[in-house]
Amino acid sequence: MKDAVYRREIDEAMQAGREALGYLNDARECLSSAGNWGIVDMLGGGLLTTLIKRSKMKDADTLVQQARSALKRFQKELMDVENIPDFRIETGDFLTFADYFFDGIVADWLVQSKINDARRQVENAIVKVNYVMGQLQNL
């Protein structure tokens, strides 16, 4: 009986991890697209390019918020499973974008830097979740 309950806890943690990975992978794609548009914007892409880039950033922000919630559920589910290394991902500054009222190379560069930082944070989260998911599969 105990084995069935423990297996269910592992399955619940795995499901929460898959959900978090889904949002993180979607956010990575969106950030990559925003970064590409950001490069075009820095090279003089114009208003349409800026609007597309900001739309991608907004989409990425939404996905990261969903990933943040899913990661919290994953952490909660992992507490029910023994023999799993402590799993912590700081999501406080996971993705924050400033809204600029002007457009120029300095603003574009600062936004591009934020996009790149967010992309690295998402990549690190994906690596950590994949590692823990591998540990769960071996139980």
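**View 1. Seven salt bridges are counted in the model**. A salt bridge here is a side-chain nitrogen of Lys or Arg within 4 Å of a carboxyl oxygen of Asp or Glu. This is a predicted model: local features need pLDDT of at least 70, side-chain atom pairs count only at pLDDT 80 or more, and totals for chains, interfaces and linings use all residues. Residues are numbered from 1 along each chain as its sequence is written, and side-chain values use heavy atoms, with hydrogens and water left out.

**View 2. Asp 11 pairs with Arg 7**. Their closest N and O atoms lie 3.7 Å apart. The two residues are four apart in helix H1, so about one helical turn separates them. Helices are DSSP runs (H or I, at least four residues), numbered from the N terminus. Asp 11 is partly exposed at 39% relative accessibility. Partly exposed lies between buried (under 20% relative accessible area) and exposed (over 50%), using a 1.4 Å probe and protein chains only.

**View 3. Arg 8, Glu 9 and Glu 12 form a salt-bridge network**. Arg 8 meets Glu 12 at 3.6 Å, N to O. Arg 8 is partly exposed at 44%, and Glu 12 at 32%.

View 4. Glu 19 sits in helix H1 and Arg 73 in helix H2, 54 residues apart.

**View 5. The largest nonpolar core has 31 residues**. Such a core joins buried Ala, Val, Leu, Ile, Met, Phe, Trp, Tyr and Cys residues through side-chain atoms within 4.5 Å. Leu 24 and Phe 74 are among those with the most contacts inside it. Helix H1 gives the most, with eleven residues.
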